[in-house]
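Welcome to this tour. Open your viewer, keep the selection tool at hand, and follow the stops below.

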Amino acid sequence: MNFALILSGGTGSRLKGIDIPKQYYKVCGRMVICYCMETIEKTDAADAYLVVAAGEWQEAILQEIREVSKENPSLGAKFRGFAEPGENRQMSILNGLRALSQAAGEEDLILVLDAARPLMSAGLLERCVAAAERADGAMPALKMKDTVYYSTDGKQIDALLERDKLLAGQAPEAFRYGAYLRANEALTKEELLQINGSSEPAVKAGLSIALVDGEETNFKITTAEDLRRFEKMMEER
């Protein structure tokens, strides 16, 4: 089976002017997280999903599923419950992996998704799964379009970087459950708190991570400008 972990534990502290976490903000009558859930429901890439969310928001998510399912009866069909978030993104992932310990098998695939990437496509999920089936994991990435420089202090350029060898990683990322769980459990709490990308523990453990083409529209809502961009895109559909 393929399981998805929707990471929805962020507080949205970087989103000025919004008094709730961005993934629960409503756009065109739907919570941002709902767009992610709807994509999972309409693809065979994931058989079930778990939401990693703080307890105070879990009932709101359930209510969203109940409301939206009146129009889209399939919403919630693959939902299998919640896991509590950790101190950072990677510790939230570990909590989700452990919550699936009774359901997921060694060779099952785990898809790690961001609730704040509402325009993730079913096709991207499917490409990640196909690539991960030939390796230990897979992640989407975009090539850098701009010239990239290195600066130690942000005030002057210290080095030029080879743009052709640099990639911007995206989610979803897919991993073999057993190997990825062990890769995370092998790290100390201090090491987990330093992780920025889901694939880092896998790379540190020597696992093979295949790359697939990312999508420009698969941006993560991080700033108020991102949220406005998403709102405009949905209003124009």
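## First stop: a lysine and its partner

Select Lys 189: with a relative accessibility of 40%, this residue counts as partly exposed (buried means under 20% relative accessible area, exposed over 50%, partly exposed in between, with a 1.4 Å probe and protein chains only). Before going on, note that this is a predicted model, where local features need pLDDT of at least 70 and side-chain atom pairs count only at pLDDT 80 or more, while totals for chains, interfaces and linings use all residues. Residues are numbered from 1 along each chain as its sequence is written, and side-chain values use heavy atoms, with hydrogens and water left out.

Helices (H or I, at least four residues) and strands (E, at least two) are DSSP runs, numbered from the N terminus. Glu 87 counts as exposed, at 54% relative accessibility.

How many salt bridges does the structure hold? There are 15 salt bridges. Select Arg 176 and Glu 107 for another one, where the closest N and O atoms are 3.9 Å apart. This pair links distant parts of the chain: Arg 176 is in strand β11 and Glu 107 in the loop between α3 and β6, 69 residues apart. Are these two buried or exposed? Arg 176 counts as buried at 16% relative accessibility, whereas Glu 107 is exposed at 51%.

Next, pick Lys 145 and Glu 216, a salt bridge with its closest N and O atoms 3.1 Å apart. Here Lys 145 lies in the loop between β7 and β8 (149-150), and Glu 216 in the loop between β12 and α8 (224-235), 71 residues apart. Finally, select Arg 30, Glu 38 and Glu 71, which are linked in a network of salt bridges.

## Into the sheet

Switch to a cartoon view and select strand β4 (residues 48-52). Five of its five residues are buried. In a regular strand the side chains alternate between the two faces of the sheet. In β4, Ala 48, Leu 50 and Val 52 are buried on one side, and Tyr 49 and Val 51 are buried on the other.

Which strands pair with β4? Strand β1 (residues 2-7) pairs with β4 in the parallel sense over five bridges (two strands pair if DSSP finds at least two bridges between them). Look for Leu 5, which stands opposite Leu 50 in β4. Strand β5 (residues 79-83) also pairs with β4 in the parallel sense, over three bridges, and Ala 83 in β5 is the bridge partner of Val 52. Follow the chain from β4 through helix α2 (residues 55-68) to β5: this β-α-β crossover is right-handed (with the strands pointing away from the viewer, the path from the first strand over the helix to the second runs clockwise).

## Last stop: a helix

Select helix α4 (residues 122-132). Its buried residues are Ala 122, Leu 124, Leu 125, Cys 128, Val 129, Ala 131 and Ala 132. Among the elements that cover them are β1, β6 (109-114) and β7 (137-143), by contact (heavy atoms within 4.5 Å).

How values were computed: Salt bridge = Lys/Arg side-chain N within 4 Å of Asp/Glu carboxyl O.
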